[in-house]
Amino acid sequence: MPGILSELRVLELALRPSGAYCAKLLADQGADTIKVEPPGWGDQARHEPPFIGDVPHPDRSSTFLAFNTNKRGITLDVGQAAGRDLFGRLAQSADVIVESYPPGQTGGLGLDYETLSEANPRLILVSVTYFGQDGPYADYQGDDLVAQAMGGYLYAVTGSAAMPPMGTALQQMEITAARNGAVAVMGALFRRDETERGTHIDVSTMEAAVSTPSGLIHPYTYTGRNPHRGGSDGNVMDGMHLPTLDGEVTLTTAGTGGRPMQAWAEFLDEPGLTDPKFATRGGRMEHWEELHSLVAPRLAQWTNLDLMRKTMARGLVIGLVQTPTQVVESPHLEERGFFVELDHPETGPMQYPGSGFFIDGDNAMAADRPAPQLGEHNVEILCGELGLSLRELGLLRAARLI
């Protein structure tokens, strides 16, 4: 079925994962999204491992494949005047442009909002940078770890108080910034319907970290005290990871009705858990090793699935620590049709995660296109849509413009 954004045209000039993922979120909902890459080398993500089959290749990077589903792709050197002219022609029919250049750099190229919106007043431009378009840090460089550090995560959220700061994996701040950008586009589209005018959306990766409701800033604003990272030993019974017969589980106090130790004592048939010294978080932290010795042997008698079924039936909540293989083969996700299969000419058919939500019972990801090969749609777009001849395309290629 057509995606909910199938009437939109999106251009992507992204140098970072946040921009690419923001555009992907729109593409996965059906927007006709054109990824514009530098000629020859392409997106840096094409050269980042891991590679499918451990074969380094610009079309086999799992990172690139994951961040660029449902896009068409062209090569274009916007650093040259002729390349900027072609991009400007594409921009005249675009609804949204996603870019991640350093602040001010697009202005020097004539690709800033003020310039592009003169020819296309309805244009929505999304700029995703580390620190935003203005402010004293605007011109500074960064990465995902820097955003975590300056957003407070390294100090207050991840890791243990007894250890140095620890970053989260998988570019979580970049992903959060991308989602913020995609959500902002939805709001901008509603406003455009009323005003017939586009807008410039300024997304900061650092501010994405700060704005995430993670128990970080809000406790400080309420109490004036800086929360400090605690790790599993600071959240006893919420984040306790223990082995079972065939894997690991993580325990929580959810579903215990405010009586965590009594509820788990009854389920595990371990009266020692009701000892008053375990009644408070402080007591559980102080007697962590003894608490662990009471719970671990009981859980080790169960398989993961049996334990989950029994605890969930009682209203208790645990999480199975699943491997990626177990996630992909999950009968629950299979029955819901979460994963989609896309066939790529270089890698063959592969499974991709869906959008994470369903509309009228259908996976909302309008999946019909794998990540593009470098310059795959040059002829289709530059000739078929902009009207260039094959001879002109050849001249552009000879000049290394595409």
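## The largest pocket

In this predicted model, helix α8 supplies the largest share of the lining of the largest pocket, namely six residues. The volume of this largest pocket is about 1100 Å³, and of the 33 residues that line it, those closest to its centre are Tyr21, Lys24, Ala66, Arg179 and Pro353. Two or more lining residues are given by each of α1 (17–27), α2 (62–67), α8 (172–195), α15 (324–328) and β11 (348–352).

Sorted by class, the lining of the largest pocket consists of 22 nonpolar, eight polar and three charged residues.

## The second largest pocket

The second largest pocket holds about 290 Å³ of space, and 14 residues line it, with Leu305, Met308, Leu320, Gln322 and Pro331 the closest to its centre. The elements that contribute two or more residues to this lining are α14 (304–313) and α16 (331–336), and α14 gives the most, with four residues.

By class, the lining of the second largest pocket has five nonpolar residues, six polar residues and three charged residues.

Side chains of opposite charge can pair when their charged atoms come close. Across the whole structure, a search finds 18 salt bridges. One of them joins the side chains of Arg9 and Asp32, with 2.9 Å from N to O; Arg9 belongs to strand β1 (residues 9–13) and Asp32 to strand β2 (residues 32–37), so that distant parts of the chain, 23 residues apart, are linked by the pair. Arg9 is buried, having a relative accessible area of 14%, whereas Asp32 is partly exposed at 24%.

The side chains of Lys35 and Glu12 also meet in a salt bridge, at 2.4 Å from N to O. Because Lys35 lies in strand β2 and Glu12 in strand β1, this pair ties together parts that are 23 residues apart in sequence. Lys35 and Glu12 are both buried.

Since Arg72 is in strand β3 (residues 71–75) and Asp32 is in strand β2, the pair connects parts that lie 40 residues apart in sequence. Arg72 is buried, with a relative accessible area of 6%.

Which residues are linked with Arg9, Asp32 and Arg72 in a network of salt bridges? The network also includes Glu380 and Glu385.

Key:
Residues numbered from 1 in each chain as written. Predicted model: local features only at pLDDT ≥ 70, side-chain atom pairs only at ≥ 80, totals over all residues. Heavy atoms only, no water. 1 Å grid on protein atoms, 1.4 Å probe; cavity = no way out; pocket = protein on both sides within 12 Å on 5 of 7 lines; lining within 4 Å. Points joined across faces, edges and corners; volume = space filled by probe spheres on them. Nonpolar A, V, L, I, M, F, W, Y, C, P; charged D, E, K, R; others polar. Salt bridge = Lys/Arg side-chain N within 4 Å of Asp/Glu carboxyl O. Buried < 20%, exposed > 50% of the residue type's maximum accessible area, 1.4 Å probe, protein only.
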